[in-house]
Amino acid sequence: MSHSDSLLQPECAGTAETRRRHFMWGVATSGYQAEGGYNGTGQPLNNWVWAESSGDVPASGRSADFWHRYPADFDLCQNLGLNAFRLSLEWSRIQPTRELPTDRRAMLPPPPFDDEALHHYAQMLATCRRAGQEPIVTLHHFTHPAWLGMDAWLNPETITHFVDYVRHTIDYLLRVLPEEFQCEPPHFYITVNEPNMLCINHYISRAFPSSVGGGIGKAALCLGHLLEAHARACRAIRETYAAHNAKRPAITFNNYSSDLYWMDVALTDLFLCRARGVARRDVHAHLHHKMLEFNRAFAAEKLMPNHSPRYHIGQWIKRWHESIGAAPLRTPAWQRVINLIYQNDEPLIDYIAFDYYDPFIAHALRWPHFGDYEPRRRSLRDWLLEAVASKWWDWRVLPEGLSFFAHQLAKRGLPLLIAENGMAQRRRTDNTAFRRRDQFARSVYLREHVRIVKELVNEGCPLIGYLHWSLFDNYEWGSYTPRFGLYHIDFTGEPDRIAIDYLGDNPSQTYAEAIKPA
């Protein structure tokens, strides 16, 4: 039985020793944020190219240069004692355009696939395995090729193009990895990264670039298309593995954890409706019941003080969200998703992946503050929203919340993976640094969250892994200021991995020491 087989077997919920032996300790990355080499002259272009080329956001440049430095990075992880690594295969590199489309709203004919790029990814996956890490492969991490246009996920044709990309990519890996590298293909896939945040960032908060106006309707449409893309890609992956007589992999999508039920846990519950025996006509009523159940559990946990103004603002947002959250279920895009779920008995998620940062809507807003505003051409509305929206370094540290979400998701009866968890510090590209308001160092954050993970495993929670975001500092969606890395990078020079950060902290050593007894 392989390592991945053991992780997904029922006995992993058995003894603490069994769970510890098969547990995945690792890190998470994404291609556009870490690889470098996007959106410049002659480089693959994605949907951020218009924002980069116009100066709306800083150029991503070479970022952490993971595309070339990956062997040394996998060695770093091996030396830390890690046995898992989450990385993304970038659609923009695998099916690229290198010429800037003149119309950012138009969808162009699909260009050829770049098998040289796929070969490089195959080499990365093989190197990852040789370094003792289980690769967890993301197929879409917030970006898409520029030839699809800036707002591709408002167009249902994107789903077909995405599934074509997935089929070609998986078929290539299943042929090349065993034949050329004598390497097993990936056992774990995440089809779409944080679909709940992608739609919000494009069409509600406007933190991501868009060529059209925002609004709830566009966000719901975008999310429906992303969920349909997951469902169709899931089936495409399984069919391709079966055609190659390869062992069926575990497939899911991951959500950004949120106390807004309809924006997070409801998506998992929706995909499990048929498996739970819920009749199609009862989907809405079933999810409404699960919402009430989740909200009661959240209130009983008392994770937040109920006397601050932000708490009451958060409660108002939650009530408003609950009143409209189910409305998209009746739209054509979401009806197609439900049809796929009820098409046959085969479930469309094999495990539950979730990202835990600061999941509480009450923390999403702050008193207006312009000291950390990074200039870019934005509308007055976006500029004001930027002032009151919490930044990465404002996110609260609440490890007990991780335990709450793990316990809630464990009730769904599937293995759980913490696909991302991390804490941002603030350091500009000129190396001007700022302390967090709570004065937390990354080592303190790591110890507290690893402690919670160990407690969950020991008490029988079906948790199969913990992935820290991220191995190194990288490009955080239009900015290099938020720093999440176990290793610091000085972006004024070579992107070397520096173990000691500007506070004198050594978080990579702390992570290694914290997981060693486990």
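Strands β1 and β2 run parallel and are joined by three bridges; strands are DSSP runs (E, at least two residues) and helices likewise (H or I, at least four), numbered from the N terminus. The model is predicted, with local features requiring pLDDT of at least 70 and side-chain atom pairs pLDDT 80 or more, while totals for chains, interfaces and linings use all residues. Residues are numbered from 1 along each chain as its sequence is written, and side-chain values use heavy atoms, without hydrogens and water.

**Strand β2 and its partners**
- V27 stands opposite F85 in β2.
- On β2, L87 stands opposite V137 in β3, and five bridges join these parallel strands.
- Five of the five residues of β2 are buried (under 20% relative accessible area, with a 1.4 Å probe and protein chains only).
- A84, R86 and S88 lie on one side of β2, and F85 and L87 on the other.
- In a regular strand, side chains alternate between the two faces of the sheet.

**Helix α5**
- The buried residues of α5, including W67 and F74, pack against β1, β2 and α7, among others (contact means heavy atoms within 4.5 Å).
- Just after α5, G81 has a positive phi of about 90°.

**A separate topic: the open sheet**
- Three strands form an antiparallel open sheet in the order β9-β8-β11, where pairing needs at least two DSSP bridges between strands.
- Because β9 and β11 each have a single partner strand, one side of each is left without a neighbour in the sheet.

Terms used. Buried < 20%, exposed > 50% of the residue type's maximum accessible area, 1.4 Å probe, protein only.
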